[in-house]
Amino acid sequence: MSTANNSLKSAHFINGAWEASSGSDWIDVIDPATEETFHRVPDGTAEDIDRAVAAARSAFDTGPWPQMSGPERAKVLRRMAQLIEARTAELAEIEIRDNGKPRPEAVWDIEDTAGVFGFYADLAETMDANAEEDIALPMDGFTSTVVKQPIGVAAAIIPWNFPMLMASWKVAPALAAGCTVVLKPSELTPLTALELGTIAQEAGLPAGALNIVTGAGAAGAALAAHPGADKTAFTGSVPTGRRVMQAAAEDIKAVSLELGGKSPFVIFADADMEEAVEWTLFGIFWNQGEVCTATSRVLVERPLYDVLLERLVDETRKITIGPGTEEVLMGALVSQGQYDKVQAAIATGVADGATLVTGGGRPAHLPKGYFMEPAIFADVPKDSTIWTEEIFGPVLCISPFDNEDDGVREANNSIYGLGAAVMSRDISRANRVARALKAGVVWVNCSQPTFTEVPWGGVKRSGIGRELGRWGLENYLETKQITSWAGEKPWGWYLK
Ligand code: NAD
């Protein structure tokens with residue numbers, strides 16, 4: 001192991017303290033730009049998960065956090081936001097080393113993470129006023145109050161593409177709602193999630209309200225199946241999401257799933273050429289294409305197709321690639337495993353008869369690290385898996401369409417429904433298509449910008465439920481009716 005950073009955490013965060021694993025296995029943390037192992041974290045066991053869930057359970061059942069008022073919880077969450085913001089540069093460096101992303105994007109992630117905690121602090125501030133609603137009933141003597149209460153212990157399982165930001169999408173609303181949390185970050189990028197433990201301690205979050213266990217699939221499976229948790233919030237791939245849902249079925253537990261996608265970008269011939277090039281490239285190549293909503297299927301109205309493809313290829317060849325510590329547009333893929341998966345997808349595309357117009361190889365100046373040149377495929381058979389399945393890497397597939405109906409039909413012809421985008425100068429057409437696209441997140445005349453204020457999630461195999469905005473808070477609230485009778489006595493059913 002080289003250049004170990006001693007300030008990085010190497011233990012679980014359970015009940016407000018740093019705790020060793022009950023097991024003896026470790027997970028190497030590898031810098032994707034150098035392939036060097038620079039740290040290690042415990043490979044959490046089912047016993048570690050047990051301890052973390054027990055801590056969260058007791059913090060929920062007997063601790064102060066769920067009993068605190070919304071404004072009291074808001075103070076702690078706001079303090080967490082401030083602490084994250086104050087450490088932006090340092091946390092971004094950790095994210096770059098852990099994930100491989102370019103510095104400007106890592107800084108964005110951390111700024112967004114602070115923003116998410118700030119947003120849910122604001123919601124916590126006002127939620128008490130909205131937590132109870134009296135409902136008029138159509139029978140004399142009866143009144144009903146509908147009460148929103150924290151769901152309990154939330155199990156949060158997250159992926160590696162936006163490590164700290166994905167943690168915040170679950171931890172911040174769950175804590176705002178008054179839940180306690182067990183967080184399991186991805187085994188590929190555990191480091192910034194662990195920093196949340198330090199930040200929670202400094203912000204004065206009560207012990208047990210947030211617990212963090214590092215580990216791989218076995219730890220995730222133990223958490224998803226744990227009867228001590230009341231809800232599972234999962235972000236990751238469809239196959240794992242299916243297993244999480246099956247585990248939740250055992251205890252009939254609430255589950256929200258943010259899964260993969262194969263998002264279309266429908267570009268009409270009247271689109272502004274420069275904007276079409278910019279948003280198409282950003283839509284697929286930012287964060288190395290490791291983005292769940294990446295618009296990886298680009299559908300272009302035929303009169304624009306050849307000329308747009310030519311511009312996309314020219315601009316793609318100019319994309320600067322290198323370690324995220326430098327000013328580059330594209331960093332390294334997260335791991336050898338992900339690199340191999342993307343390379344296998346490219347080989348499948350070629351074997352299926354698609355034309356690899358540019359990219360796909362290793363940049364000549366980067367002999368080490370999980371770097372690849374961004375790729376564009378044209379003439380892709382519609383039944384090829386590179387057209388139908390998520391690649392989760394910098395691979396764009398492009399195809400022409402003939403008219404609006406054709407474009408929408410092709411866009412919707414997918415088992416996924418996470419993101420979608422449409423571009424046209426005809427705003428009424430763009431809005432009409434936006435409503436016809438089967439996806440939970442639709443962009444008009446852009447692709448990817450994501451705001452904490454608005455709901456996020458997918459339809460079809462892309463998932464269940466919505467994160468972010470006030471919808472994200474609802475994920476962690478249970479709705480209870482309290483119906484009272486104060487009518488004439490006796491009621492008169494049995495006692496006549
Ligand atoms: P993954 O499914 O391999 O792993 C996700 C998490 O689940 C990890 O923490 C992993 O350790 C854990 N896990 C593995 N096996 C488990 C099991 N049996 N039970 C419970 N947990 C288990 O996904 P990944 O490769 O980390 O992430 C990439 C995927 O995430 C892509 O499909 C991407 O589209 C999706 N994603 C979706 C969104 C969204 O908002 N919809 C956001 C980011 C990523």
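Author: In this predicted model, rings of Phe, Tyr and Trp count as an aromatic pair if their centres lie within 6.5 Å. By this rule there are 14 aromatic pairs.

Reader: What makes Phe13 and Trp18 an aromatic pair, and why is the pair called tilted?

Author: The ring centres of Phe13 and Trp18 are 4.9 Å apart, and the limit is 6.5 Å. Their planes are at 50°; planes under 30 degrees apart count as stacked and those over 60 as edge-to-face, so this pair falls among the rest and is tilted.

Reader: Why is the pair of Trp108 and Trp286 called edge-to-face?

Author: The angle between the planes of Trp108 and Trp286 is 70°, and the term applies over 60 degrees, so the pair is edge-to-face. The centres lie 6.1 Å apart. Trp108 belongs to helix H4, whereas Trp286 sits in the loop between helix H9 and strand E13, 178 residues apart.

Reader: Why is Trp286 called buried, and why is Trp108 called partly exposed?

Author: Buried means under 20% relative accessible area. Trp286 has 11%, so it counts as buried. Trp108 has 41%, which lies between the 20% and 50% limits, so Trp108 is partly exposed.

Definitions and conventions. Residues are numbered from 1 along each chain as its sequence is written. This is a predicted model: local features need pLDDT of at least 70, side-chain atom pairs count only at pLDDT 80 or more; totals for chains, interfaces and linings use all residues. Side-chain values use heavy atoms; hydrogens and water are left out. Rings of Phe, Tyr and Trp (its six-membered ring) pair if their centres lie within 6.5 Å; planes under 30 degrees apart count as stacked, over 60 as edge-to-face and the rest as tilted. Helices (H or I, at least four residues) and strands (E, at least two) are DSSP runs, numbered from the N terminus. Buried means under 20% relative accessible area, exposed over 50%, partly exposed in between (1.4 Å probe, protein chains only).
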